[in-house]
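Please keep the sequence and the model in view while reading.

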Amino acid sequence: MAKSNIPSLPMLLATAFALAGLAAGARAGGIAIYWGQNGNEGTLAQTCAKGNYKFVNVAFLPTFGKGQTPVLNLAGHCDPASNGCTGVGADIKACQRMGIKVLLSIGGGVGSYGLSSPDDARSVAAYLWNNYLGGRSSKTSRPLGDAVLDGIDFDIESGGSLYWDDLAKALKSYSRRVYLSAAPQCPFPDASLGTALGTGLFDYVWVQFYNNPPCQFSSGRKAFLDAWKQWQSVPAGKIFLGLPASKSAAGTGFVPAAQLKSQVLPLIKGSPKYGGVMLWSKFYDDRTGYSSSIKSHV
């Protein structure tokens, strides 16, 4: 009896599941956002309830290291000096219940920070662990209340290039569950974080492909792709494409949403370490609807 060329039901189901898996893989990226530097961007809870983000970086802790008392700055949202930011802790928990990872971003474009030695790095790590992560400290000493953040984001744009690797090692020594992310500039390797990123300890790297004309997409496809391929070589978990959410969010490097979807993402989504897109920031995203426009394509 001749074999039928008609696929059996199990084969059809297997094929359907395989295609569904491929489709899911193609949409595996997520969006990371920075929140905290503009009081007109809504609360952290509202940010997460928007439903567009998988990661929120609470920005910034711009003063720390070299013997300084660490200082949190959430701009117009609240005043940490008077314990006015402890209520953000409830928002952090609400975000986490939605499956969103919330990290504290240290550094920033303007601040007084840096590390003077490996011991200084370990001291900063201990402070972060005890006041923002899973360590023990009095509830009143924790600027964001009793919430336990998921990790620390290194947005190091000044303060030298030394001892950031020691800080990363110290943070990971407390718990492998402490997620580490970084926001280096796209010229490779990053002047501040090159050594730290070489440790292999970072879970997420959102590379700033803006305010850096030599490697941003607006300067040409080849320059952009060359930089992206270099960042794929970093021993980190996932690499994200960092972009401004509007023209006014950065000096250069804005990519219109339509162009991102049709020209940029198709170039990089097949990369083994592709993780998604990072946007600066929630305030600008609210005004352009950028994340909503690109979400289904990331």
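The link of Cys186 and Cys215 is right-handed, with 80 degrees about the S-S bond. The pair connects distant parts of the chain, since Cys186 sits in the loop between strand 8 (179-182) and helix 6 (194-197) while Cys215 sits in the loop between strand 9 (204-208) and helix 7 (221-232), 29 residues apart. Helices (H or I, at least four residues) and strands (E, at least two) are taken here as DSSP runs, numbered from the N terminus. Cys186 is buried, with a relative accessible area of 0%, and Cys215 is buried with a relative accessible area of 4%; buried means under 20% relative accessible area, exposed over 50%, and partly exposed in between, calculated with a 1.4 Å probe on protein chains only.

The model is predicted, and local features need pLDDT of at least 70, side-chain atom pairs count only at pLDDT 80 or more, and totals for chains, interfaces and linings use all residues. Residues are numbered from 1 along each chain as its sequence is written, and side-chain values use heavy atoms, with hydrogens and water left out.

A search of the whole structure finds three disulfides, a disulfide being a pair of cysteine sulfur atoms within 2.5 Å.

| Disulfide | S to S distance | Torsion about the S-S bond |
|---|---|---|
| Cys48 and Cys95 | 2.0 Å | about 100 degrees |
| Cys78 and Cys85 | 2.0 Å | 105 degrees |
| Cys186 and Cys215 | 2.0 Å | 80 degrees |

The torsion about the S-S bond of Cys48 and Cys95 is about 100 degrees, so this disulfide is right-handed. Because Cys48 lies in helix 2 (residues 44-49) and Cys95 in helix 3 (residues 88-97), the pair ties together parts that are 47 residues apart in sequence. Both Cys48 and Cys95 are buried. The link of Cys78 and Cys85 is right-handed as well, and Cys78 and Cys85 are both buried. With bonded cysteines counted along the chain, the disulfides follow the pattern 1-4, 2-3, 5-6.

The next topic is the nonpolar cores. In soluble globular proteins, nonpolar side chains tend to be buried together. A nonpolar core is a set of buried Ala, Val, Leu, Ile, Met, Phe, Trp, Tyr and Cys residues joined through side-chain atoms within 4.5 Å. The largest has 78 residues, of which Leu44, Phe154, Trp164, Leu167 and Phe202 touch the most other members. Apart from this core lies another, of 14 residues, among them Ala32, Phe55, Phe60 and Ala183. Leaving aside neighbours within four places in sequence, Trp164 is in contact (heavy atoms within 4.5 Å) with residues including Phe64, Tyr113, Leu115, Phe154 and Ile156.

Two serines remain. Ser105 is found in strand 5 (residues 101-108) and, at 0% relative accessibility, counts as buried. Its side chain makes a polar contact with the side chain of Asp153 (2.7 Å), where a polar contact is a pair of N or O atoms within 3.5 Å; within protein, one must be able to donate a hydrogen and the other to accept it, and residues adjacent in sequence count only if both atoms are side-chain atoms. Not counting residues up to four places away in sequence, Ser105 touches several residues, including Tyr34, Asn57, Phe60, Asp153 and Asp155.

Ser246 is found in the loop between strand 10 (238-244) and helix 8 (257-268). At 7% relative accessibility, Ser246 counts as buried, and, leaving aside its neighbours within four places in sequence, Ser246 is in contact with Phe254, Tyr284 and Thr288.
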